[in-house]
Amino acid sequence: MNGPSGAGVGRRTVLLALGLCCIVLVLIVVWFSMEERLHGLLVDLELDGPDTSRYQALREAFTQQLPHELGRFPRHTVTVDYVHFTRLTAKALDPQRVDFVILSPQGTPWHRYQGDAGRKLEAAKEMIKRVILRDNLPVLGICGGHQFLASAFGGAVDFIDPAWSGKRPERYPKEAVAERGIVPLETMRDDPIFAGVVSHPGTFRAVESHYEEVKNVPQPFVNLASSAMSAAQLIRIPGKPVYGLAFHPERCWNPNECSESAVPEGRRILANFLTMVSRNNH
């Protein structure tokens, strides 16, 4: 009996190769279809004019480091645009264009925001409030952004140090009491933002650097964490992915960044927020 002809073997080889190519193409299509793209907007709240290099480390954390903590499937690509609060528009906050908003830290006393800057700050508050209540857009306020967020909903913000309450210094006075360094915070209630960080009731560490604080938690927010010095440390609107953090979760992720110790809790908190953004997208 004659064996298979060379032509027959060749045809089978070609067909097998084509079949393998089809399988590879299908796998490639499936792989890329499982990629999720999240797009954020960083609103710079510093009084000084626009500076796109400001908070670059925070932007890099969201775009380069945190996406790897969202799980293997689907793959996540995160991008973050920048806008100074004086140039913020309703179009920039359109949920069809942006998946989440970060309200930046800032280092200028709020009473300095006068004149045109003051009017634009109030306009920014109204825009942020509207997209939170109407569009359910995820929002994260950090330090000054936390104070801005509370203020947008009617919360009072003033110096931690009662001796400076109501005063109007040109810049934050070094002699005023401030909350600085790595501080233990106590949870006030359970929340998904604490996943992998702490079980309620419990304590976790945070990096603090602020002279002013939220004096009262406005409705519809609730307070999730407190420190010995400043009560409103982590606020949230229940049922919405909207948080204000009095501390700096973007700092001290490894021992090389801080002289005291690493504070990985902040990294986990930011990753938890980004996970909520991903879920909110579906």
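## Salt bridges, rings and cores

The side chains of E122 and K125 form a salt bridge, with N and O 3.1 Å apart. The model is a predicted one. Both residues belong to helix α3, and because they are three residues apart there, about one helical turn separates them. Their surroundings can be read from the accessible area. E122 has 42% relative accessibility, so E122 counts as partly exposed. K125 has a relative accessible area of 9%, which means that K125 is buried; the cut-off for buried is under 20%.

How many salt bridges does a search of the whole structure find? The search finds twelve. One of them joins E69 to R268, whose closest N and O atoms are 3.4 Å apart. E69 sits in the loop between α2 (56-65) and β2, while R268 sits in helix α5, so this pair ties together parts that are 199 residues apart in sequence. E69 is partly exposed, at 23% relative accessible area. R268 is partly exposed too, at 24% relative accessibility. The pair also has a partner: E69, R267 and R268 are linked in a network of salt bridges.

Another salt bridge connects the side chains of E213 and K215, at 2.7 Å from N to O. K215 is partly exposed, at 41%.

Lysines also meet rings. The charged end of K129 sits over the ring of F153, 5.4 Å from the ring centre. K167 lies over the face of W164, and the distance to the ring centre is 5.1 Å. W164 is itself part of an aromatic cluster, together with F159, Y172 and Y211.

Now the ring pairs. A pair of aromatic rings is described by the distance of the centres and the angle of the planes. The count comes to ten aromatic pairs. In one of them, F85 and Y113, the ring centres are 5.7 Å apart and the planes are at 45°, so the pair is tilted. Why does this pair tie together parts of the chain that are 28 residues apart in sequence? F85 lies in the loop between β2 (76-84) and β3 (100-103), and Y113 lies in the loop between β3 and α3 (115-135). Both rings belong to buried residues. F85 has 1% relative accessibility, and Y113 has a relative accessible area of 5%.

A second pair has another geometry. The rings of F100 and F273 have centres 6.3 Å apart and planes at 80°, so they are edge-to-face. This pair links distant parts of the chain, with F100 in strand β3 and F273 in helix α5, 173 residues apart. F100 and F273 are both buried.

That leads to the interior. In soluble globular proteins, nonpolar side chains tend to be buried together. The largest nonpolar core of this model has 39 residues. Those with the most contacts inside the core are F62, F100, I193, F204, L234, Y243 and L274. Helix α5 (residues 265-280) supplies the largest share of this core, seven residues. Another core lies apart from this one; it has 33 residues, among them V43, Y113, A124 and A152.

What does F204 touch, not counting residues up to four places away in sequence? Its contacts include V183, P184, L185 and T187. F194, V197, V198 and A225 are also among them. L234, F247, E265 and I269 complete the list.

Conventions: Residues numbered from 1 in each chain as written. Predicted model: local features only at pLDDT ≥ 70, side-chain atom pairs only at ≥ 80, totals over all residues. Heavy atoms only, no water. Core = buried A, V, L, I, M, F, W, Y, C linked by side-chain atoms within 4.5 Å. Buried < 20%, exposed > 50% of the residue type's maximum accessible area, 1.4 Å probe, protein only. Helix = DSSP H or I, 4+ residues; strand = E, 2+ residues; numbered from the N terminus. Contact = heavy atoms within 4.5 Å. Phe/Tyr/Trp six-rings, centres within 6.5 Å; stacked < 30°, edge-to-face > 60°. Lys NZ or Arg CZ within 6 Å of the ring centre and 35° of its normal. Salt bridge = Lys/Arg side-chain N within 4 Å of Asp/Glu carboxyl O.
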